[in-house]
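The stops below go from the whole chain to a single residue.

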Amino acid sequence: MKHIEKNRTAYFLLVLANVIWGGNFVIGRLGAEYFPPITFSLLRWSVAFLLLTPFMVRPVLRDSKVLWSHKWIVLLLSVTGVAGYNTIIYFSLHFTTSINASIVNSAIPLFIAVFSFLILKERLSVLQATGILLSVIGIIFIISKGSFETLQAFKLNPGDLFVLVAVVSWSIYSIVIKKYSKILPAFTTLYVTSFVGILILFPLSLLEIMQTDAAVTFNLESLLILGYVGCFASIVAFISWNTGVAKIGAAKSGIFINLLPVFATLFAIVFTEEDLLWYQIAGGFIVILGVMLSSRKNGTALQKPQHTRHCNEEF
């Protein structure tokens with residue numbers, strides 16, 4: 001019974017994270033009118049860091065030894081999860097279309113599953129593999145508008161390669177969070193990684209502002225945008241995601257990422273008055289079916305090759 005409740009809590013937290021990130025997708029587009037990409041990411045995490053500071057001084061002092069003893073893991077989390085993923089996505093959209101970026105981004109569950117299989121020794125059941133495949137099909141169906149001709153027109157460009165780097169970055173973040181979930185405390189780890197991420201992004205932001213004509217604009221709307229991405233997308237969503245991954249594993253959690261574009265579509269309809277089209281409904285149904293399948297247990301699992309054991313011990 002406790003196991004069932006634990007899983008339900010994990011599923012709720014993973015869905016909540018993607019609801020918030022779905023809203024962040026829409027609000028992030030609005031933020032592009034006020035902030036260049038690296039600076040936007042820097043300000044986002046600066047807000048999160050300031051909001052967390054009053055509550056984190058004592059916990060950080062308490063957890064300082066374990067955090068310092070795993071300083072390279074903390075740095076890896078900062079690079080991949082805080083400074084990496086969203087910043088690279090923002091950057092990539094200057095070179096590629098949103099359709100291309102969405103197609104490449106839908107590969108996240110596949111990368112998480114493969115990395116978990118090879119590094120964390122997590123078995124991937126046939127049902128989970130089927131769920132991953134269904135979810136990817138659903139995402140592709142949505143972004144291709146149910147048209148094979150649109151999918152055929154897809155062409156890889158440098159921007160898509162940046163998205164692929166972002167996908168790998170988030171996948172690594174997820175499996176590292178899982179591997180060290182029982183060692184690194186969730187709240188203080190998020191706090192410290194946000195600080196390290198800020199240190200990484202700050203000089204890059206200065207270069208961005210000096211080398212481009214992009215201006216930073218502060219008004220009521222831009223401050224509200226920063227409030228949302230700094231509080232909800234950076235704190236509530238990350239803690240929800242990290243907790244969910246720790247409870248049920250990186251491979252099973254990865255499939256929930258495919259809910260993000262579904263929620264983003266719903267928010268876009270509500271806030272931008274876009275029409276809900278048939279291929280969005282059909283694709284969303286396929287994605288949700290894939291998530292449901294991957295969250296169920298199945299006795300048949302894909303076996304992990306024996307020669308990967310040494311790789312995992314070194315990681």
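The tour starts with the whole protein.

This is a predicted model, in which local features need pLDDT of at least 70 and side-chain atom pairs count only at pLDDT 80 or more, while totals for chains, interfaces and linings use all residues. Residues are numbered from 1 along each chain as its sequence is written, and side-chain values use heavy atoms, with hydrogens and water left out.

Show the cartoon: the protein has 14 helices and two strands (DSSP runs numbered from the N terminus; helices are H or I, at least four residues, and strands E, at least two). Of its 315 residues, 50% are buried (under 20% relative accessible area, 1.4 Å probe, protein chains only).

Next, select Trp-21, Trp-45, Trp-170, Ile-175, Trp-241 and Phe-256, which have the most contacts inside the largest nonpolar core, a set of 76 residues. Such a core consists of buried Ala, Val, Leu, Ile, Met, Phe, Trp, Tyr and Cys residues joined through side-chain atoms within 4.5 Å. Helix α10 (residues 220-248) gives the most to this core, twelve residues.

Stay on α10 and pick Ser-240, which lies in that helix. Is Ser-240 buried or exposed? Ser-240 has a relative accessible area of 5%, so it counts as buried. Leaving aside residues up to four places away in sequence, Ser-240 touches Leu-13, Leu-16 and Ala-17 (contact means heavy atoms within 4.5 Å).

Finally, select residues 71-92, helix α3. A kink of about 50° is centred on Gly-84 (the bend is the angle between axes fitted to the seven residues ending there and the seven starting there).

Conventions:
Expected span 1.5 Å × (residues − 1).
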